[in-house]
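Here is a short briefing on a two-chain complex. Look at the structure first, then read the points by topic.

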Amino acid sequence: MSDEQLMERIVAGNIEALGILFERHKQSLFAFLCRFMHDQTLAEDVLAETFFRLYDRRRTYRQECKFTTWLYTIAHHLAIDQLKSARRQEQLMEQMLHDTPTTMDDQGQIALERAEFSHLVRSAVHGLPVEQRAVIILRVYHDLSYREIADIIGANEETVRVRAHRARQTLKQTLGAVIEEDPCGR
Amino acid sequence: MTSTCSTIQQQFSAYLDGEVNDRQHAVIDAHLADCAACRQEFEALRRIDAVLLVDDVPALRPQVEQLFAERLAARAATRSQWSPFFTGNTRLAWYGALAAVILFGIVCLLRFPGTHEPRSVSINQTVSARRGHPSISLTGGGIVASKPVNTSHPADHPMRVRIHHKKMNYLDRHPGAARHPATTPAPMMTDFTDDMTTTITEAPVMTLAAPPSSPGTPPAEPLMMANASPDPEDAAVAMLAETN
C-alpha cells in the first residue's frame with residue numbers, strides 16, 4: 001500500500017495507519033532532523049511530533065501532493081521552531097568553534113578518525129544559514145529535486161538553486177582544508 | 001576569471017544536482033573542456049558532495065520507537081471512546097443538525113418577535129379627586145384603530161376607535177348618565193385607581209373632530225357615539241378624543 005493510500009485511511013480516521021507510515025519513514029526523517037538540528041535529542045522529539053502533527057492536520061492533506069513532501073514540510077517547520085531559541089544557537093556556535101581543529105589553518109592538512117570527520121562535516125553543515133542548510137541536506141542526503149525542495153521550504157525553484165550554490169560555496173570555505181586531505185581518498 | 005567563467009560557475013551547483021537542461025549541460029561541458037580554472041572550481045564542489053556523504057547519522061534509539069507506539073495507542077484509545085459520535089460522515093450529520101437548529105431559532109425570532117397585543121392606547125391618567133371637577137391629564141399616545149374595518153356595518157365605521165379601559169365601574173353603574181360635563185354635575189371619581197394604565201374593554205363609539213382633509217377628498221364622516229349619555233367620565237373620554 002502506498003503512502004498516499006495510507007494517508008487516505010488516516011484521513012478516514014484510521015490512526016493505526018500512522019504507525020505504518022512511521023515505520024517506513026522514521027530513519028530517513030530522523031537523519032534529516034539530525035543533520036538539520038545537530039542535536040539527536042531534539043531530532044527525536046521533533047520526529048515524533050511530526051507524525052502526530054501530520055495526524056492532527058490530516059484533513060488538510062491534498063491527494064495530489066506527494067506524501068513525503070508534506071511530511072518533510074511539517075518536519076522542517078517544527079525543526080525551525082525548535083531552533084529559534086537564541087540560546088540554542090549560541091551553544092551550537094560554541095560547539096562548532098570547539099570542534100574545528102586549530103591546526104587546519106597552520107598545516108592545511110589533518111588526519112582524522114572517521115567519526116571525528118563525520119562530526120566535523122555535520123558541524124559545518126549546521127553552521128550554514130537555516131535556509132541554505134535545509135536545501136543542501138534535502139538535496140545531497142535525500143536526493144530530492146529542486147521542485148520538491150521548493151515545495152517543502154515554501155520557496156520557488158530559482159531560490160532553491162541559488163541557496164544550493166551558496167551553501168556549497170560556504171562549505172567549500174569551511175571544509176576547504178579537509179577536502180584537500182580526505183581520509184577516505186575521495 | 002572572465003564574466004563567462006563567473007556565469008558558468010554559478011551553474012555548477014545545478015549542474016551537479018542534475019537541474020540544468022540539455023542546452024545548458026552542453027555549454028557547461030564545452031567550457032569545462034577549455035577552462036582549467038573552472039575545472040578546478042568544479043572539482044572542489046564535487047568533492048564537497050562526496051565529503052558530505054561521509055556523514056554517518058546514528059540510528060534511532062529503540063526507546064524513541066517505544067514511546068511513539070505508546071503515544072499512538074493512547075491516541076487510538078481516546079479516539080475510539082468518541083468515535084460513535086465523531087467519525088467521518090457522522091460528524092457532518094451532527095454539524096448539519098446543529099446548523100438546522102440554529103437556523104430554525106433565527107427564523108422563529110424573526111417571525112415571532114413577541115406576543116401580539118391589541119394596538120391600543122396606553123394612557124396614564126391621573127384623576128384629581130377634587131370634588132365636582134374631575135380632570136384628566138394625558139400622557140399617552142394617540143388613538144389608533146385596532147381592528148380591521150368592515151364598512152358594511154355601521155358600527156364598523158373607519159373612524160370608530162376602540163379604547164380599552166380596564167375599569168369602567170362608573171359607566172357600568174351609570175350607563176345612561178349624561179355625557180356633557182356642562183349640564184351634568186360630576187360625581188366624585190373615587191373608583192379610578194391611581195395607576196391608570198387603563199384598557200377600555202367596551203368600545204363606545206365616540207364623536208371625534210374630523211381631521212383636516214386634503215383638497216379633493218371628501219371629509220370624513222364624524223363618528224356617532226352610541227349610547228350617548230352625559231357623564232363625567234364620558235366627558236373625559238371626549239376630551240381625550242378632542243385632544244388627539
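Two residues are in contact if their C-beta atoms, placed from the backbone, lie within 7 Å. On that basis, and leaving out residues up to four places away in sequence, A:Val135 touches A:Ile149, A:Ile153, A:Val160, A:Arg163, A:Ala164 and A:Ala167. The model is predicted. The predictor gives the complex an ipTM of 0.75 and a pTM of 0.56.

**Chain A fold**

- Chain A has 11 helices and zero strands.
- Of its 186 residues, 36% count as buried.
- Among contacts in chain A with a separation of 6 or more, 66% join residues 24 or more positions apart.

**Core**

- The largest nonpolar core holds 51 residues.
- A:Leu33, A:Ala75 and A:Val135 have the most contacts inside this core.
- The element that gives the most to the core is α2(A), with 11 residues.
- In soluble globular proteins, nonpolar side chains tend to be buried together.

**Helix α10(A)**

- α10(A) has 18 residues and spans 26 Å from its first C-alpha to its last.
- That span is close to the 26 Å expected at 1.5 Å a residue.
- Its buried residues include A:Val160, A:Arg163, A:Ala164 and A:Ala167, and these four also touch A:Val135.
- A:Arg161, A:His165 and A:Arg168 are also among the buried residues of α10(A).
- Within chain A, the buried residues of α10(A) pack against α7, α8 and α9 (146-153).
- On the chain B side, they pack against α2 (12-16) and α4 (36-52).

**Interface between chains A and B**

- 36 residues of chain A are in contact with 31 residues of chain B.
- On the chain A side, α2 (16-37), α3 (40-56), α7 (114-126), α8 (130-140), α10 (157-174) and α11 (176-180) each give two or more residues.
- The largest share, 10 residues, comes from α2(A).
- The chain A side divides into 19 nonpolar, six polar and 11 charged residues.

- A:Val11 sits in helix α1 (residues 3-11).
- A:Val11 counts as partly exposed because it has 16 C-beta neighbours inside 10 Å.
- Beyond four places in sequence, A:Val11 touches A:Arg58, A:Arg59 and A:Tyr61.
- A:Val11 and A:Tyr61 are 50 residues apart in sequence, but their C-alpha atoms are 8.2 Å apart in space.
- A:His38 lies in the loop between α2 and α3.
- Phi of A:His38 is near 60°, a positive value in a residue other than glycine.
- A:His38 counts as buried because it has 22 C-beta neighbours inside 10 Å.
- A:Asp143 lies in the loop between α8 and α9.
- Phi of A:Asp143 is near 55°, again a positive value in a residue other than glycine.
- A:Asp143 is exposed because 10 other C-beta atoms lie within 10 Å, and the cut-off for exposed is 12 or fewer.

**Confidence in chain B**

- Chain B averages a pLDDT of 66, and 40% of the residues score at least 70.
- Over residues 121-156 of chain B the pLDDT is below 50.
- Beyond near neighbours in sequence, residues 121-156 of chain B have 63 contacts in the model.
- Over residues 219-230 of chain B, pLDDT also stays under 50.
- The model has 40 contacts beyond four places in sequence for residues 219-230 of chain B.
- Where pLDDT is low, the predicted coordinates should not be read in detail.

Technical notes. Residues numbered from 1 in each chain as written. Chains lettered and ligands numbered in written order. Predicted model: local features only at pLDDT ≥ 70, side-chain atom pairs only at ≥ 80, totals over all residues. Helix = DSSP H or I, 4+ residues; strand = E, 2+ residues; numbered from the N terminus. Nonpolar A, V, L, I, M, F, W, Y, C, P; charged D, E, K, R; others polar. Expected span 1.5 Å × (residues − 1). Buried ≥ 20, exposed ≤ 12 C-beta atoms within 10 Å, placed from the backbone. pLDDT = per-residue confidence, 0-100. Core = buried A, V, L, I, M, F, W, Y, C linked by C-beta atoms within 7 Å.
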